Amino acid sequence: RAARTPLPPDVLLELDRRHVWHPYGPMPGRQQPLVVESAAGVRLRLAAPAEGRTELIDGMSSWWSAIHGYQHPVLDEAVREQLSRMSHVMFGGLTHEPAVRLAARLVEITPEPLRHVFLADSGSVSVEVAVKMCLQYWRSLGRPGKQRLLTWRGGYHGDTWQPMSVCDPDGGMHQLWSGVLQRQVFADAPPPGFDAPADPAYAGHLRELIGRHADELAAVVVEPVVQGAGGMSFHSPEYLRVLREACDEHDVLLVFDEIATGFGRTGQLFAAGHAGVAPDVMCVGKALTGGYLTMAAALCTSRVAEGISRGEVPVLAHGPTFMGNPLAAAVACASIDLLLDQDWAQQVKRIESGLREGLAGAAGLPGVRDVRVLGAIGVLQLDHEVDMAAATRAAVRAGVWLRPFRDLVYAMPPYVTGDEDLARICAGLLGAAAAG
Ligand code: PLP
């Protein structure tokens, strides 16, 4: 029965354990999640103390999304204002100002040739749509053989069907399905190091593979500059230029998945900006709405859209019920304005400096294999699989929310994180690395 009085935490947790699937979780649940009562600024307020803490600084921006923090007055107001008009209306045969304004704004701020916007309801769905655009483009052009994708090993593009096929085939949660997913072409993961000089042998490997499979490739799909959930590794932007050239040479489309990297996280508004290249299709999500509501987008060039329109089936057959949700679109517009109306690049630089300074001592610590920082992303890579429960507990003890996984302890804080809180996030990272 829905009730206004809050459930006592132990009752809530028992109901949660019995009935609620969590990401990558078993059923019934085995781990006891922390109950968040509210969130404001960069802090999560817990319903019951954990490790003596009732408030945690969010080092994760709710998985890359809450770049402005929680309960931001401008974003709250944008949702309230839109709510006073309509919360949702179907998008088939109808349109509305928030969606139109958002699409136009996205075209304005993304690389030049991207002109058309499909508003999807999650990052994974935007990747589905991006892939569908590419496959349909080649069918429409009378080249139905071009239906496979090339991607890097160690990638992550989401949990729905086609995105799973371009995730890391050698590990991770989706390996279970490797026998039934479409067989894609996998290039080696890019050599690590954002500042490392590009390796000509690796560039040659990319060119050779694209050339060899060109007749069957619809598109190359990659995360530019940062491979996120697949390993939090950074690579030289030069490889994006190599991909662009090879795709042009061999008539293959190029898709950049900027779902994690978009909206300033790496120090450029979009990570493709580090390389100065534009993809044919680009996905954005996560921070698109400042983490307020679920929305993502797949943008494409006129070449792609016009190609599809020339086909036997001249429409893109995709139309989720909640497509273009007005609340999400309104808050996305507000979040983009909020970001661009301030010196966001300076904010991200400040976070980058804070992370570099706070993590500088980690390099010599036992168990730490690598320390890397790019934009508002700080990563400690361990030389062993992290004990997730112990590492999380240590971070919570330090008053910080982190979500370590595999051999990684990392943070991507909201851009509004103050210097003192940033120092505490770094302390949390070090504590988690030592405990895990
Ligand atoms: N692509 C990348 C690069 C991601 O990091 C993620 C999510 O972590 C996704 C796609 C999937 O987005 P969503 O979780 O919104 O479906």
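A residue counts as near a molecule or strand if its C-beta atom, placed from the backbone, lies within 6 Å of it.

## Ligand shell

Of the 15 residues around the ligand, those that come nearest are Gly-123, Ser-124, Gly-158, Ile-259 and Ala-260. Helix α5 (residues 123-140) gives the most to this shell, with three residues, where helices (H or I, at least four residues) and strands (E, at least two) are DSSP runs numbered from the N terminus. The shell divides into six nonpolar, seven polar and two charged residues, with Ala, Val, Leu, Ile, Met, Phe, Trp, Tyr, Cys and Pro counted as nonpolar, Asp, Glu, Lys and Arg as charged, and the others, Gly among them, as polar.

## Basis of the model

This is a predicted model, in which local features need pLDDT of at least 70 and side-chain atom pairs count only at pLDDT 80 or more, while totals for chains, interfaces and linings use all residues. Residues are numbered from 1 along each chain as its sequence is written.

## The sheet

Seven strands form an open sheet with mixed pairing, in the order β4-β12-β11-β10-β7-β5-β6; two strands pair if DSSP finds at least two bridges between them. The edge strands, each pairing on one side only, are β4 (114-120) and β6 (185-187).

Strand β7 (residues 217-222) pairs with strand β10 (residues 253-257) in the parallel sense over four bridges, and Val-221 has Val-255 of β10 as its bridge partner.
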